[in-house]
Amino acid sequence: MRRTVLLAVAGASLLVSAVLVVRRPWRAASSEAPALPPDVSVPSLSHAEVVPRDDEPQGPEASPVAGLDLVHVSGSEGAATAPAAGGTATLTLDAELERTAIGLMNAHHLPEGAIVLMDVATGKLLVYASHVEKGPPRDLCAEATAPSASVFKIVTAAALVEDAHLGPDTKQCYSGGEQRINTLDLVDDPQRDRWCTTLAGAMGRSINTVFARLARQHLAPAQLESMARRFGYGQPFAFDVPVQPSALRVPSEPLEFARTAAGFWNTTLSPLEAVSLSAIVAREGEGVRPSVVDKVVVGDAVVWSAPDGPATHRVVAKETASQLATMMEHTVSEGTSWRAFHDGKGGAFLPGVTVAGKTGTLTDAETKRYYTWFTGYAPSHPQPGVRQVAVAVLVVNGPAWQVKANVIARDMLRAYFAGHDVTGVTRPSINAIARHHKR
């Protein structure tokens, strides 16, 4: 289904509970692995059944704005608004960027996709876009049924830095573990370990065995679970509409624990929480509550206004965030997103703008669904006059592959920085993308 409205997402009415989980259990291959074992499955975003679960946190509702309806967002004169509690909510969204986000997903004919772009300093959302090609629209930005896959490596790296006192330059040799991790892959063996890298290199190229071995050697399950919860996994998520909490299960069995630490399974994530992960790193370890509503007006009266300052809390130490940033920069400078962020001649699509990020890729062999993630922020080194933004993109492809999330994220960052006149950055051409897909 093609849509040209400013924001076609399912509203808060579809999220009748802020505490939802996937009914059938799933196990995912490594987020950078091309396929799942034949006896393994994960839920399709378009078919996943969700029910309340008693063992999930039952904290307060995520402070939603009463009656906010994100199904019917409109834009005029550069402003975005939505119905709310008998009045009108003025949103923080950038109308032009929102149109670009929806245009990109339409042009690529994504079966399913979601894009969130956040102003790092304030937590205000500039883009909140969800796309479903066929079937009824849903709010994928607030839906946490997708496996977080290798995005979870951000959490594992934070625990390795803060609890095990490792760093970006920590060296580890490895072998195997590209599609699955076995007990043998956890054992250091100079005869088999023909490759060596640093923790930063492993983050950039999403090397599963390195994360699995280091976690197994240096972390206890309780430490990893504690760090995940500090980043928001399994916790109520405060936002202006109800958000499905991410799932979290950290096994104590050594092999299953190592696999989880590498991002193989046992966690899910929403794009809203994914953008918050990157914002925590960008804000030097401080979390910020995202917001999409500026004020609500009924008649001529303002009945609700967003707080003057963002709500924040400390997640990890400043030094921990600094080391995470160093690792995440390797994703674009040499790792799994180098090709997406550079043209065929090696030229950067964002010249002069450093990007820190993390990818995740997963194949559901049962349903032929291909999940890709990108979450990150830019510029990773602050530049005078340029506001930092965090971005999260989830793309779900079918058997006819369309595009990965890191390409969509790159083009959203291009649109943002070109709109702020950053030298050398050009806007993506949605018409050219559409013509390409018609060939």
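I looked up the handedness of the disulfide (a pair of cysteine sulfur atoms within 2.5 Å): the torsion about the S-S bond of C173 and C196 is about 90°, so the disulfide is right-handed. The two cysteines come from distant parts of the chain, 23 residues apart, with C173 in strand β9 (residues 171-174) and C196 in strand β10 (residues 195-198). Helices (H or I, at least four residues) and strands (E, at least two) are DSSP runs, numbered from the N terminus.

I note that this is a predicted model, in which local features need pLDDT of at least 70 and side-chain atom pairs count only at pLDDT 80 or more, while totals for chains, interfaces and linings use all residues. Residues are numbered from 1 along each chain as its sequence is written, and side-chain values use heavy atoms, with hydrogens and water left out.

**Cysteines**

I searched the whole structure for disulfides and found 1. The S to S distance between C173 and C196 is 1.8 Å. I then checked accessibility, where buried means under 20% relative accessible area, exposed over 50%, and partly exposed in between (1.4 Å probe, protein chains only). C141 has 0%, so it went down as buried.

**E273**

I found E273 in helix α7 (residues 271-282).

Leaving aside neighbours within four places in sequence, E273 touches F231, G232, Y233, F237 and S246.

**Backbone**

I went through the backbone with one rule in mind: most residues other than glycine have a negative phi, and most peptide bonds are trans.

- A149 is not a glycine, but I read a positive phi of about 50° for it. It sits in the loop between β8 (146-147) and α2 (153-162), and its relative accessibility is 3%, so it counts as buried.
- S206, also not a glycine, has a positive phi of about 50°. I placed S206 in the loop between α3 (199-205) and α4 (208-218); at 4% relative accessibility it is buried.
- From A378 to P379 I found a cis peptide bond, with omega near -10°. P379 belongs to the loop between β17 (369-378) and β18 (389-397).

Conventions: Contact means heavy atoms within 4.5 Å.
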